[in-house]
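Subject: Structure handover

Hello,

I am passing on the structure we spoke about, followed by notes on what was found in it. Please read the notes with the model open.

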Amino acid sequence: MGIFLGIVVPILIVTAFAAVFAFCLSYLGDKLSVERDPRIDDIERNLSGANCGGCGYAGCSQFAEALFKGEADISRCNPTPPENKKNIAKILGMSGYESAATVAVVHCAGGNRAVDKYEYQGFGDCKSAQILAGGSKACEYGCMGMCSCVSACTNNAVNISKDIGVSQVNPQNCTSCGRCVSACPKKIIGRIPKSAKVYIACSNTTTGKETAAVCKVGCIACGKCERNCPTGAIKLKNSLAAIDYQKCIACMKCADGCPRKCIIKVENNK
């Protein structure tokens, strides 16, 4: 009998403790849980469901949350049909939304004008080089020109400039599918409106002094473009120029006045 009690009693005690802990966890889980807004699920249902990553997020679920929080724009998702984008706009309370056509651009013009940390002689593309100390460029945002984006593009829209050794996008061939955006390990390929006439060819958000030390054409946040813009379409954010295309009138004063020539004109965009 004593042996029996010696076995059963500890088991009952452990079971009781387990039941108490389970109840506490369940109670606290209900109290502390953050309710998911049902509109996020509505947004996700209207997305393509491709989970391609072309929007810059891990999947449609993350992108839906970013849209709901106002951290992303619907135009980033190329596979989603225009009608679905309008539905998402309604869910978000955006009246009169029209999906704008976009093209990809490479926000870097460094290439052989940027300082190298070392000479990469390994096998592979940009993704392979990125594994070794973050790539060969002293600028952590610098295009390595090793064709990850070129290989990803199925429309022959991306190539490596022979003159400066950076990736470039031909807007006439670009369908804004987002494959190059996802393929770039530096995350320096973005989208701009197809009607845009200029873009910032730099992604370096360090100080102007630090940027100048690693690249001859990187934005040094001098502010000249901001001062020259007659509509306030260009502002400095995190030591880097940024363009508000809704305000831009394509006067070209920012590009013409830029001492670093990192504001690029896109002559053949329509």
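The model is a predicted one.

Overall

The protein chain has 10 helices and eight strands. Of its 270 residues, 38% are buried. Among contacts in the chain with a separation of 6 or more, 57% join residues 24 or more positions apart.

Largest pocket

The volume of the largest pocket is about 1,400 Å³. Its lining consists of 44 residues, and those nearest the centre are Arg191, Ile192, Pro193, Ile243 and Tyr245. Which strand supplies the largest share of this lining? That is S4, with five residues. S4 spans residues 189-193. Helix H7 (179-183), strand S6 (234-237) and strand S7 (240-243) also each supply at least two residues. By class, the lining of the largest pocket holds 21 nonpolar, 13 polar and 10 charged residues.

Ser239 sits in the loop between S6 and S7. Its phi is positive, about 60°, although Ser239 is not a glycine. With a relative accessibility of 29%, Ser239 counts as partly exposed.

Second largest pocket

The second largest pocket has a volume of about 400 Å³. It is lined by 27 residues, and Gln168, Val169, Tyr199, Ile264 and Lys265 lie nearest its centre. Strand S1 (102-106) gives the most to this lining, with four residues. Strand S3 (167-169) and strand S8 (263-265) each contribute at least two residues as well. The lining of the second largest pocket divides into 16 nonpolar, six polar and five charged residues.

Leaving aside residues up to four places away in sequence, Ser167 touches Val106, Cys143, Cys149, Val158, Asn159 and Ile160.

In helix H2, which covers residues 38-46, the buried residues include Ile40, Ile43 and Asn46. They lie on the same side of H2, because the arc they cover around the axis is only 125°. The exposed residues Pro38 and Arg45 are on the face of H2 turned away from that buried side. Helix H3 (60-69) and helix H4 (82-91) are among what covers the buried residues of H2. At the N-terminal end, H2 is capped by Asp37, which has a side-chain oxygen 2.9 Å from the backbone nitrogen of Arg39.

In H4, Lys85, Ile88 and Ala89 are buried. Seen down the axis of H4, the buried residues fall within an arc of 105°, so they line one face of the helix. These residues pack against H2 and H3. After H4 comes Gly93, with a positive phi near 80°.

Two cysteines in loops

Cys52 is in the loop between H2 and H3. At 47% relative accessibility, Cys52 counts as partly exposed. What does Cys52 touch, not counting residues up to four places away in sequence? Its contacts on that basis are Pro79 and Ser182. Cys52 and Gly178 are 126 residues apart in sequence, while their C-alpha atoms are 8.5 Å apart in space.

Cys147 is in the loop between helix H5 (126-131) and helix H6 (148-152). Its phi is positive, about 75°, although Cys147 is not a glycine. Cys147 has a relative accessible area of 27% and is partly exposed.

Regards

Conventions
Residues are numbered from 1 along each chain as its sequence is written. This is a predicted model: local features need pLDDT of at least 70, side-chain atom pairs count only at pLDDT 80 or more; totals for chains, interfaces and linings use all residues. Side-chain values use heavy atoms; hydrogens and water are left out. Buried means under 20% relative accessible area, exposed over 50%, partly exposed in between (1.4 Å probe, protein chains only). The arc is that of the directions from the helix axis to the C-beta atoms. Contact means heavy atoms within 4.5 Å. A polar contact is a pair of N or O atoms within 3.5 Å; within protein, one must be able to donate a hydrogen and the other to accept it, and residues adjacent in sequence count only if both atoms are side-chain atoms. On a 1 Å grid over the protein atoms alone, a cavity is a set of points where a 1.4 Å probe fits but cannot get out, and a pocket is an open set with protein on both sides within 12 Å along at least five of seven lines; lining residues have an atom within 4 Å of a point. Grid points are joined across faces, edges and corners, and a volume is the space filled by probe spheres set on the points. Ala, Val, Leu, Ile, Met, Phe, Trp, Tyr, Cys and Pro count as nonpolar, Asp, Glu, Lys and Arg as charged, and the others, Gly among them, as polar.
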